[in-house]
Amino acid sequence: MKEFTYTITDELGIHARPAGQFVKKASGFKSSVTLSSAKGSADAKRIMAVMKLVVKKGDTVTVKVEGEDEDVAAAELEAFFKANL
């Protein structure tokens, strides 16, 4: 299992557009991906689950990746967060 934490810097938090992009990226991997915040956790391959977390600017999230392509998935998802959120 691989995981990383990230503090959201986007003014709008994880809103619809980046949430959709994140889910699309996570869905491209065979590994399971979980997004967790202080409000709970969600399957990162399900847009409604990610949106229900209502992640705002300043919130810290943890992304956990487990499976056969976890190394690549974790690296690419972390890069996505740094570039977009």
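Visitor: What makes β2 and β4 a pair, and in which sense do they run?

Guide: This is a predicted model, in which local features need pLDDT of at least 70 and side-chain atom pairs count only at pLDDT 80 or more, while totals for chains, interfaces and linings use all residues. Residues are numbered from 1 along each chain as its sequence is written, and side-chain values use heavy atoms, with hydrogens and water left out. Two strands pair if DSSP finds at least two bridges between them; β2 and β4 have five bridges, in the antiparallel sense, and therefore meet that definition. Among the partners, threonine 34 is bridged to lysine 64 in β4, and valine 33 to valine 65 in β4.

Visitor: How do you know which stretches to call strands and helices?

Guide: Both are DSSP runs numbered from the N terminus, helices being H or I over at least four residues and strands being E over at least two. On that basis the protein has three helices and four strands, and from the N terminus on its elements run β-α-β-β-α-β-α.

Visitor: What is the order of the strands in the sheet, and which of them are the edge strands?

Guide: The sheet is open, with four strands in the order β1-β4-β2-β3 and antiparallel pairing. The edge strands are β1 (2-7) and β3 (40-43), each of which pairs on one side only, and the twist from one strand to the next averages 20 degrees. β1 is joined to β4 by six bridges, the two running antiparallel, and glutamate 3 has lysine 64 in β4 as its bridge partner.

Visitor: Why are α1 and α3 called roughly antiparallel?

Guide: Angles run from 0 to 180 degrees between N-to-C directions, with axes fitted to C-alpha atoms, for helices over the stretch in contact. Helix α1 (residues 16-27) and helix α3 (residues 70-84) pack at about 165 degrees, with axes 10 Å apart; angles under 35 degrees count as roughly parallel, over 145 as roughly antiparallel, 65 to 115 as roughly perpendicular and the rest as oblique, so α1 and α3 are roughly antiparallel to each other.

Visitor: Which residues make the contact between α1 and α3?

Guide: Contact means heavy atoms within 4.5 Å, and the residues concerned are Pro18, Gln21, Phe22, Lys25 and Ala26 of α1, together with Glu76, Leu77, Phe80, Phe81 and Asn84 of α3.

Visitor: Why does the radius of gyration agree with a compact globule?

Guide: The radius is taken over C-alpha atoms, and the globule rule is 2.2 Å times the number of residues to the power 0.38. For 85 residues a compact globule would be near 12 Å, and the protein has 11 Å, which agrees.
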